[in-house]
Amino acid sequence: MKNNFDMSLEDMKSYGYKIVDLIAEHWDTIHTKKPFAEPKTRNDLDQIFLQEAPEQPMDSDKVLDFIVENVLPNSTYTSHPKFYSFVPGPSNFISTMADTLATGFNIFSGGWLVSSAAAELEIVTINWLLNMYNFPVKKGGGIFTSGGSMANLTALVTARRLKCGDDFSKAVIYLSDQAHSSNIKAIRILGFKKEQIRIIPTDFEFRIGINKLKNAIAKDKLEGLQPFCFIANAGTTNTGTVDPLHEIADICEDENIWLHVDGAYGGAAILAKKGERMLRGIERADSLTVDPHKWFFQPYEIGCLLVKDASWLSGTFSEKPEYLRDVEGNESEINFYDYGVQLTRRLRALKFYTSIKTYGLERFRNAVTYNIDLTEEVEGYLRKSKVWEVVSPATLAVINFRYHPINENLDESTIDELNQRISKRVMESREAVFVTTILNKQIVLRMCLINPKTTMDDVLETLNTCERYGAEILEELKAK
């Protein structure tokens with residue numbers, strides 16, 4: 001009996017070539033497209049997509065045409081050169097194809113017996129990363145996750161077991177007011193109460209206040225609580241700021257506190273000389289999150305957790321159900337389902353391995369260096385302008401600024417409204433993805449420039465548009 005899902009070799013190739021052609025053309029022409037999808041309501045999209053699952057087959061080409069016509073144009077392109085907001089997803093073509101290969105062969109990447117080559121690729125690429133951050137390669141280890149959120153969760157589960165055991169009722173965890181929201185989410189998932197979380201204020205440069213941290217730890221110890229973990233930032237999402245890692249590491253060593261460094265955004269800056277200087281002390285962390293699908297230019301999804309001792313992960317997550325008793329292997333043959341939450345895992349390592357081997361690390365170093373230099377060039381332009389005010393300087397390819405003409409006597413609420421409306425008009429034009437954040441209670445425009453395709457001309461076009469919108473909005477406000 002023929003398999004219900006079988007296609008002829010010719011039909012599979014024909015269909016596959018169409019998809020590869022679509023992807024290649026998209027990569028080649030992305031700069032000509034609008035980065036932001038035209039906003040649609042749920043009702044709009046229900047009119048297009050909402051229907052019962054068909055009982056009878058449809059022509060595969062017609063289904064593909066429907067997707068090309070309705071799904072792709074209604075998706076924002078995070079790899080577009082003018083996607084400046086949140087954290088862009090620049091990706092690269094080689095990794096895209098490698099990910100397609102991993103999906104096409106449906107490779108399971110959980111246990112050694114089933115997929116030894118997949119596990120070996122993960123071991124090798126994790127070792128590359130351990131070496132980059134000066135973590136011990138022989139004793140250390142890590143795991144690829146879906147993203148930074150899962151990597152942070154995995155780290156905190158491990159830290160809680162090693163520092164608190166089964167009773168974490170008196171445990172206290174510390175992080176700054178600039179820490180990524182995924183850390184708060186992880187803390188809540190783990191069952192910590194609000195009273196067990198200490199959010200430490202940052203200074204005027206958005207770095208953790210060391211004295212405030214010391215005071216918080218001392219107070220908690222005097223009250224009979226157990227300080228067990230501090231989450232440091234290595235490149236915050238808001239400003240790119242790196243906490244004083246050496247000073248924090250000294251405190252954590254003195255107080256027997258687990259140091260987790262969240263480098264999901266900024267960790268890849270280690271590849272550039274300027275970034276390496278800013279990240280000094282990162283090698284002293286017990287655990288480190290990095291996110292290859294951000295500044296290592298990988299397609300979604302691939303996050304990563306690194307630890308100083310691989311046994312910390314296996315000791316935390318290893319379970320031995322009866323149906324897996326024949327797949328143990330020896331200690332060097334890693335079952336990655338013993339290193340994290342997932343049992344079923346796709347082969348994430350292949351795209352990272354393939355792109356590093358194909359392009360070479362030097363090209364990645366050059367790209368990260370270019371991004372840092374470009375952002376500093378943008379800062380130089382803004383500081384020479386009579387209408388822009390830098391609020392947070394270029395730091396690891398992130399810069400925050402606001403429209404604030406020096407010849408206008410504007411109050412803070414007016415400046416806030418100006419910048420919010422500038423962002424709104426840019427988004428409505430769909431010419432760029434450029435949204436606001438809040439720093440020091442001010443509404444500011446934020447650029448994250450980690451896309452190697454983004455040029456100074458791209459940025460200047462966007463800023464010129466913003467200046468035009470700013471002048472128009474200011475006149476509208478004066479006319480009220």
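1. Trp295 and its contacts. In this predicted model, Trp295 touches Tyr265, Gly266, Ala268, Ala269, Val368, Asn371, Ile372, Leu396, Ala397 and Ile450, leaving out residues up to four places away in sequence. Trp295 is also one of three residues, with Tyr133 and Phe230, that touch the most other members of the largest nonpolar core. That core has 63 residues. Helix α5 (residues 116–132) supplies its largest share, six residues.

2. Thr375. This residue sits in helix α13 (residues 361–383). Thr375 counts as buried because its relative accessibility is 1%, and the cut-off for buried is under 20%. Neighbours within four places in sequence aside, Thr375 is in contact with Ala394, Ala397, Val398, Ile399 and Leu449. Ala397 is also among the residues that Trp295 touches.

3. Strand β11. Seven of the seven residues of β11 (residues 442–448) are buried, so the strand is largely enclosed by the rest of the structure. The cover applies to both faces: Gln442, Val444, Arg446 and Cys448 are buried on one side, and Ile443, Leu445 and Met447 are buried on the other. In a regular strand, side chains alternate between the two faces of the sheet.

4. Partners of β11. Strand β9 (residues 398–403) runs antiparallel to β11 and is joined to it by four bridges. In this pairing Ile399 stands opposite Met447; Ile399 is also a contact of Thr375. Strand β10 (residues 436–439) pairs with β11 too, in the antiparallel sense and over four bridges. Here Thr436 stands opposite Leu445. β10 and β11 form a hairpin with two residues between them. Asn440, in the turn, has a positive phi of about 50°.

5. Strand β1. Five of the five residues of β1 (residues 141–145) are buried. Gly141, Ile143 and Thr145 lie on one side, and Gly142 and Phe144 on the other, with both faces covered. The strand pairs with β7 (residues 303–307) in the antiparallel sense over five bridges. Within that pair, Gly141 stands opposite Val307.

6. Which helices does the pair Lys351 and Asp99 tie together? The side chains of Lys351 and Asp99 meet in a salt bridge, at 3.1 Å from N to O. Lys351 lies in helix α12 (residues 349–359) and Asp99 in helix α4 (residues 93–104), so the pair ties together parts that are 252 residues apart in sequence. Lys351 is buried, at 0% relative accessibility. Asp99 is buried as well, with a relative accessible area of 11%. A search of the whole structure finds 25 salt bridges.

7. Arg425 forms a salt bridge with Glu476, and the closest N and O atoms are 2.8 Å apart. Arg425 belongs to helix α14 (residues 412–429) and Glu476 to helix α15 (residues 456–479), so this pair ties together parts 51 residues apart in sequence. Glu476 is partly exposed, at 33% relative accessibility. Both residues belong to a network of salt bridges that links Glu417, Arg421, Arg425, Glu472 and Glu476.

8. The side chains of Asp46 and Arg42 meet in a salt bridge of 3.0 Å, N to O. Both residues lie in helix α2, four residues apart, about one turn of the helix. Is Arg42 buried or exposed? Arg42 is exposed, with a relative accessible area of 65%. Asp46 is partly exposed, with a relative accessible area of 22%.

9. Nonpolar surface patch. Phe49, Met58, Val63, Phe66, Ile67, Val71 and Leu72 make a nonpolar surface patch of about 540 Å². Helix α3 (residues 60–70) contributes the largest share of the patch, three residues. Phe49 lies instead in helix α2 (residues 42–49). Its relative accessible area is 33%, so Phe49 counts as partly exposed.

Note on methods: Residues are numbered from 1 along each chain as its sequence is written. This is a predicted model: local features need pLDDT of at least 70, side-chain atom pairs count only at pLDDT 80 or more; totals for chains, interfaces and linings use all residues. Side-chain values use heavy atoms; hydrogens and water are left out. A nonpolar core is a set of buried Ala, Val, Leu, Ile, Met, Phe, Trp, Tyr and Cys residues joined through side-chain atoms within 4.5 Å. Buried means under 20% relative accessible area, exposed over 50%, partly exposed in between (1.4 Å probe, protein chains only). Contact means heavy atoms within 4.5 Å. Patches are made of residues with over 30% relative accessible area and no salt bridge: like charges are joined within 9 Å, nonpolar side chains (Val, Leu, Ile, Met, Phe, Trp, Tyr) within 5 Å. Accessible areas come from the Shrake-Rupley method with a 1.4 Å probe; for residues, only the protein chains shown count as cover. A salt bridge is a side-chain nitrogen of Lys or Arg within 4 Å of a carboxyl oxygen of Asp or Glu. Two strands pair if DSSP finds at least two bridges between them.
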